[in-house]
Amino acid sequence: MSRRILLVVHHRRAEARLLARTLAEHLAAAGITPAVDVSDRAALDHDLGGLATWVTPDQMGDCELVCVLGGDGTILRGAELARPWATPVLGVNLGHVGFLAEAEREHFADVVERILVRDYDVEERLTLEVVAHVGDQELIRTWALNEAAVEKASRQRMLELVLGIDGRPLSTWGCDGVVMATPTGSTAYAFSAGGPVVWPSVAAVLVVPLSAHALFARPLVLSPDAEVSVELLPDQEGSGILWCDGRRSLDLPQGARVEVHRSATPVRLARLSAAPFTDRLVRKFDLSVAGWRGRGPQQGG
């Protein structure tokens, strides 16, 4: 069977479509089949028609790599397609910060060459299993790479909830919501809410309250095997909404319970560089390290 690589493209960006065609041409010239989700055919047929084969999600298991051209949102979509098949995801950042991306647009030519010769390493990232139910009725069973967030549905009303850890209640909060994040997601929503940055090599689950009115309302770093539960009090006026990675959502009625724990199925990311996570933080956040006199190369800023 010939090699096949799935392209996931931010098709509203002209640059992404142009780079996708360039990559597809290089792949085809090397005898590698470029594949694209059939749901993108209307948007990408003009750019990739005649080069790519259009596949359904159940046909993506034959792909050796998912190459994403876009920002973190597009990479999250690529992760959705890749995760059931344990296929590595390689992101080329065409957005802003692009924490999930492995390469920037100016390194695209090198990315193409590395893909052709399979010159990349693969690391696994912890994901979350997310289940919501009311009583004995299961409402949704899904997952998250970055975070699962329970938020208030109305701007006018706080959300009244009880946070539980490992089957025991910890605290009741009147709040805007709560974020349960992975180390990968610690630089995303959880970061903007005041949570800690956790190195990807650390296995942990984060809990970060959103504007909680309570004495004990600090971010928590838990064991990766912890079970986190969020219960919406049944006698409140407001309701909630569950968001997973900002892509999948569910309205939560009063009395709903959301349970979050480590998933047995990780997301696999392709890595082109062995540079430490510290360097990525400095680069992505444009941090000043002027005056550094320690070992290793000094970064600009």
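**Rings, pockets and a strand**

Modeller: R83 lies over the face of W143, 4.2 Å from the ring centre. The model is a predicted one.

Biologist: What makes R248 another charge over the ring of W143?

Modeller: The charged end of R248 is 5.0 Å from the centre of the W143 ring and sits over that ring. The distance cut-off is within 6 Å of the ring centre, and 5.0 Å for R248 meets it.

Biologist: How many aromatic pairs are counted?

Modeller: The count comes to 4 aromatic pairs. In one of them, F99 and F277 have ring centres 6.2 Å apart and planes at 45°.

Biologist: Where in the chain do F99 and F277 lie?

Modeller: F99 is in the loop between strand 5 (89-93) and strand 6 (103-104), and F277 is in helix 6 (residues 277-284). They are 178 residues apart, and the pair links distant parts of the chain.

Biologist: Why is F99 called buried?

Modeller: Buried means under 20% relative accessible area. F99 has 10%, so F99 is buried. F277, with 14%, is buried on the same cut-off.

Biologist: What is the geometry between F99 and F285?

Modeller: F99 and F285 form a tilted aromatic pair, with 5.2 Å centre to centre and 55° between the planes. F285 lies in the segment after helix 6, 186 residues from F99.

Biologist: Why does F285 count as partly exposed?

Modeller: The relative accessibility of F285 is 28%. Partly exposed lies between under 20% for buried and over 50% for exposed, so 28% places F285 in that class.

Biologist: Which residues do the ring pairs link into a cluster?

Modeller: The cluster consists of F99, F191, W199, F277 and F285.

Biologist: What makes strand 11 and strand 16 a pair?

Modeller: At least two bridges are needed. Strand 11 (residues 159-165) and strand 16 have 5 bridges, in the antiparallel sense, and L161 stands opposite L232 in strand 16. Strand 16 is also joined by 4 bridges to strand 19 (residues 257-262), again antiparallel. There S229 stands opposite E259 in strand 19.

Biologist: What lines the largest pocket?

Modeller: The largest pocket has a volume of about 270 Å³. It has 15 lining residues, and E102, A103, H107, S273 and R283 are the closest to its centre. Strand 6, helix 4 (108-116) and helix 6 each give two or more residues to the lining, with the largest share, 3 residues, from helix 6. By class, the lining has 5 nonpolar, 2 polar and 8 charged residues.

Biologist: Which element gives the largest share of the lining of the second largest pocket?

Modeller: Strand 7 does, with 4 residues. The second largest pocket has a volume of about 190 Å³ and is lined by 14 residues, with E123, R125, P200, R271 and A275 nearest its centre. Its lining has 6 nonpolar, 2 polar and 6 charged residues.

Methods: Residues are numbered from 1 along each chain as its sequence is written. This is a predicted model: local features need pLDDT of at least 70, side-chain atom pairs count only at pLDDT 80 or more; totals for chains, interfaces and linings use all residues. Side-chain values use heavy atoms; hydrogens and water are left out. Rings of Phe, Tyr and Trp (its six-membered ring) pair if their centres lie within 6.5 Å; planes under 30 degrees apart count as stacked, over 60 as edge-to-face and the rest as tilted. Buried means under 20% relative accessible area, exposed over 50%, partly exposed in between (1.4 Å probe, protein chains only). A charge sits over a ring if NZ of Lys or CZ of Arg is within 6 Å of the ring centre and within 35 degrees of the ring normal. On a 1 Å grid over the protein atoms alone, a cavity is a set of points where a 1.4 Å probe fits but cannot get out, and a pocket is an open set with protein on both sides within 12 Å along at least five of seven lines; lining residues have an atom within 4 Å of a point. Grid points are joined across faces, edges and corners, and a volume is the space filled by probe spheres set on the points. Ala, Val, Leu, Ile, Met, Phe, Trp, Tyr, Cys and Pro count as nonpolar, Asp, Glu, Lys and Arg as charged, and the others, Gly among them, as polar.
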